[in-house]
Amino acid sequence: MTTSVLPAHSQQENKEIKSAIGNYLTSVVKSKVSTGRVTVEEIKDTAGTLKIYCSETLADAPVRPSDIDNIYGHIKSMLPDNYKKRKVEIYTISQELRDYVPLYYRGKTSGSSTARFTRPDGIPLIQNISLPYHPDRGLSGRHIAIWPSHGRYYEPKLTRWEWQRARMFQTVEDLYTRSYVMPFLVPMLEKAGANVLIPRERDTQTEEIIVDNDAGLNTASQYDEKNGTESWQKGTPGFAWKKAVYKDFDNPFADGSFSSVKAIKRGNASVAEWMPEIKKEGDYAVYISYRTLPNSIDDADYTVVHNGITTNFKVNQKMGGGTWIYLGTFHFAKGKSRNNMISLTNLSRTKNGVVTADAIRLGGGMGNIARHNAPQDSLKRGYQYITSGYPRYTEGARYYMQWAGVPDSVYSPTHGVNDYNDDYLDRGLWVNWLAGGSSVYPDGKGLNIPIDMSMAFHSNAGTYKDDRIYGTLAIYSDKGYNGKFYNGAQRFLSHDLSDLIATNIVNDIRRSFAPEWRRLGNWNKPYYEAWEPRVPAMLLELLSHQNFADMRYGLDPRFRFTVSRAVYKGMLQFMSSMYGTDYTIEPLAPTHFSTRFAAARTNLVILSWHPQHDSIETSKAEPEAYILYMRKGAGDFDNGRVVKDTTITLAIPADTICSFKVTAINRGGESFPSEVLAVGRTKSSITNYYDPNKPVGKRSKMSKQQTKNNATAEEDKVMLIINGFKRLSAPASFTAPAPADTALAGFLDEEDHGVPYIQDFSYIGSQKEFRRALPWYDDDSGGFGDSYGDYEAAPVAGNTFDYPYLHGTSVMKAGWSFVSAGSDAIEAGDLQMTDYKYADLILGKQMQTRMGKGGYYPIQYKTFPTALQQAITAFTSAGGSLFTSGAYVATDLWCHPFVPSLKADRDFLTNTLHYKWRNRRAARIGEVKSVDSPAPVFSGNYTFRTKPNPEMYVVEAPDGIEPADSAGFTIMRYSENNLSAAVAWKGNYRTVTLGFPFETIQDAAARDSLMKEVITFFTSRK
């Protein structure tokens, strides 16, 4: 028997009970998320069980086991006495409230009746077998589909290509979400062992080289087949590059042929080789293609040779045939040689299998899909097919998919009528196409790749006229396909994925940066990107790109890293809950990195570092070992070696700069890398040489002669290079003083552009509209936050953390050796500056920086922290000479925009380094000239970069500095106004200080000349 009310009570009493329960649940929900009221829609008395049906708002809040106990207990206490002992069930959106507790929080044994989304283990699509580690408690073997929202598309009504959102706060959503996904999230997932598939171009390299077995437009590159025991045969269809521009439903993967050869286990291998002609040295994504056949092998043997470094892959050709498959990104030298090539053999463990080969592609290239006004009449009206004219990475998924051979039924559900609709409809269809034929979707047609989850990464719209946070919204859908996945698991499991990701994001933001960060809910709604995939899926609206308070955090690389790590952790926890396995979170990057020569006059180098402990994940992210990577000269880094300890001694070749970076590893995966340090030893300074190709023995095996000078203090021609440029930051921002704080606000990148991580491809131009009250009218008139678009087609360089190499190159050109260290290692006392006579301090754009609006996260990146001041003071007191360069070498301590100047800091500049502040933004052109001075050795003219560009970070505000006493003198001036740009000082020691960063000098020969002049000044007795 079912009754719709509590039968023993009046209608008014029932209404009061429902209202009281609704008020209580509203208070519970609002304590967790920013949302509306919960209403009790109905209470049913069913066979002795009270079933309480609530509005969908109840489903917005995260639910944990402790909540269940509290909520059910409290609601029972609110019921009339004769119902207090009844069983109570609470429902919202057709699910009992207990179901909203993710399996992850229920433990390994509870909830065993709930079917999970699992699949049989198998060979993954790609395996990098050159990796020296295997994360067995990470994401190994998982295939994840992810995409950064949308991109440029063709709008026939306006006969133009355009963004899908307005230009806001120096970015546009079409590029903005990419600034999380590509530099941070995807590498985290890959370092945890996952294969990540993306429906948009991932490479920002605008050059594109295609090498194919079919004759195509690229005639400079070379493809060769070598027959061994078995011979290569031709088959169709395959890729061919026959057109510069592709129209309508052209498919390059149907225009050519592929090659195939029978696999062998041993013997004389058959080989396919692709040798690209590289026009421009740089980093290139490497994509391969092949054809999947019924007897394809799962261990195709690919080799990528990049600048002479060899990296090996195993590719499962039973899946993924007929499209571009990403292997990795590598550094290639200009030209064509066997030091830069890709090869494939037919060696396999599979008997009677077949290997196939088709085109390879390097670089992202420019968009080559042309569109026109309307399918039926555009050409008749004189409209022509036009491409976007932009790099392919800026375009929507619809266009990349066409270039990648995806069926037009997937990339254009509207059959060419509406590209805007196609671009959001096709991404979910693409997931199903990837998974079609695999164990997760065997009834579908596709590439047979067992996708484990998918995620659409978006930003939201919505704004406040004050400094309130808009916040984070997660969306999933359990509708469609009878509410089940193919294996019978409920599609409601997507709620778990969505909840875990949103929980990690909001919790980590609140802990790290902004306790007031808002959680908007976890919506169960049929958004196409969350509804269409046949695998667990969610759509993330991270923040509002239209809300200034959100974007003050959202433009900061530190925030982007933290958010991306939170997403990765949520995915990891979801997979752990699906398979009932434990997991480990990949560690954070090592710190306090330093190098030093193990002994005088040898080529032995000691490298050391510290582990970085994760303050959020205190137990699951500890490092267990490390990987040390080495680069010789201007080449590419090798595949690394595992190091168990935090120090290692090795030999380096003479007269060759060797650069190093180190990562931390554990069973969950690999961290991001440390800064890059470099070491160079001139051949003339070595008397005890060790073979760099042989392992270095224990220190006890070194002879007495080699160890008697266990430092570099005896050596005259060794420079210690200190990397003090650690800064990452958003651009300068402001809120007008009250009462105008609700009237004017924004970003001022011409004052301080901030510092991107490595490279920023989301920056489009300066903000131009600062009036908070100005509304959005359309995407061409975005209102408050509206920004220019003059930089939207090219990346902007940031902090590469690789400047000791540039400085060291100039040091070695002067005939000197050098070592390098991070400033944190100097501050911690890991390396003593007093062991050296000469030092070069890199400060770049180091400057005290806040996070967001400030006030919670501590200010970072002081140019001269107290510990560094003390180390420098001891160094100069011992007679050491210091070369310092940076954009804020005086401003940071003397005239900072929001940090009060301290007398002790100013005294350090004037009494130890012997210069003082004169002007905060001393020049705009970036031209410097040497002037007559007591040090005539300085004679060059220099140019540095003052505008955003892809090659080197921008110096928009160099310092004007002047001598602090009569022993100092100006050696350079800014050409445009004759303000002092560089100061030298002679006394018991010597200093040279530049008000602009040395590494930003554009001409390498000019840098070499200046470094030689600095060394001459330091060593001269005049």
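Y553 and F559 are both buried. In this predicted model, the search for aromatic pairs across the whole structure returns 63 of them. One of these pairs joins F169 to F784 in an edge-to-face arrangement, with 5.2 Å between the ring centres and 85° between the planes. F169 sits in the loop between β10 (167-168) and β11 (171-172), and F784 sits in the loop between β40 (759-760) and β41 (796-797), so the pair ties together parts that are 615 residues apart in sequence. The relative accessible area of F169 is 0%, which makes F169 buried. F784 is buried as well, with a relative accessible area of 5%. The rings of Y553 and F559 also form an aromatic pair, in this case a tilted one, at 6.1 Å centre to centre and with 40° between the planes.

Aromatic rings also gather in a cluster, made up of W816, Y838, F938, F969, F1017 and F1018. Elsewhere, a charged side chain sits over a ring. R361 lies over the face of W324, at 5.1 Å from the ring centre. K661 takes up such a place over the face of Y629, at 5.7 Å from the ring centre.

S608 belongs to strand β30 (residues 604-610). Is S608 buried or exposed? S608 is buried, because its relative accessible area of 14% falls under the 20% limit. Beyond residues up to four places away in sequence, S608 is in contact with H592, F593, S594, R596, T646 and T647.

Strand β16 (residues 256-262) is joined to β23 by 4 bridges. S259 is found opposite A357 of β23.

Another open sheet consists of 4 strands, ordered β13-β24-β18-β21 and paired antiparallel. Its edge strands are β13 (209-211) and β21 (325-332), each of which pairs on one side only. With direction ignored, neighbouring strands in this sheet are turned by 20° against each other on average. The antiparallel pairing of β13 with strand β24 (residues 360-362) runs over 3 bridges. Within β24, L362 is the residue opposite I209.

A hairpin gives a further case of strand pairing. Strand β2 (residues 40-46) and strand β3 (residues 49-54) run antiparallel and are joined by 6 bridges. D45 stands opposite L50 in β3. The hairpin has 2 residues between its strands, and A47 takes a positive phi near 50° there.

The last stop is helix α18 (residues 903-913). Which residues of α18 are buried? They are D905, F908, L909, T910, T912 and L913. The elements that cover these buried residues include α16 (866-877), β44 (881-886), α17 (891-894), β45 (915-919) and β51 (990-994). After α18 comes H914, with a positive phi near 65°.

How values were computed. Residues are numbered from 1 along each chain as its sequence is written. This is a predicted model: local features need pLDDT of at least 70, side-chain atom pairs count only at pLDDT 80 or more; totals for chains, interfaces and linings use all residues. Side-chain values use heavy atoms; hydrogens and water are left out. Two strands pair if DSSP finds at least two bridges between them. Buried means under 20% relative accessible area, exposed over 50%, partly exposed in between (1.4 Å probe, protein chains only). Contact means heavy atoms within 4.5 Å. Axes are lines fitted to C-alpha atoms, for helices over the stretch in contact, and angles run from 0 to 180 degrees between N-to-C directions. Rings of Phe, Tyr and Trp (its six-membered ring) pair if their centres lie within 6.5 Å; planes under 30 degrees apart count as stacked, over 60 as edge-to-face and the rest as tilted. A charge sits over a ring if NZ of Lys or CZ of Arg is within 6 Å of the ring centre and within 35 degrees of the ring normal.
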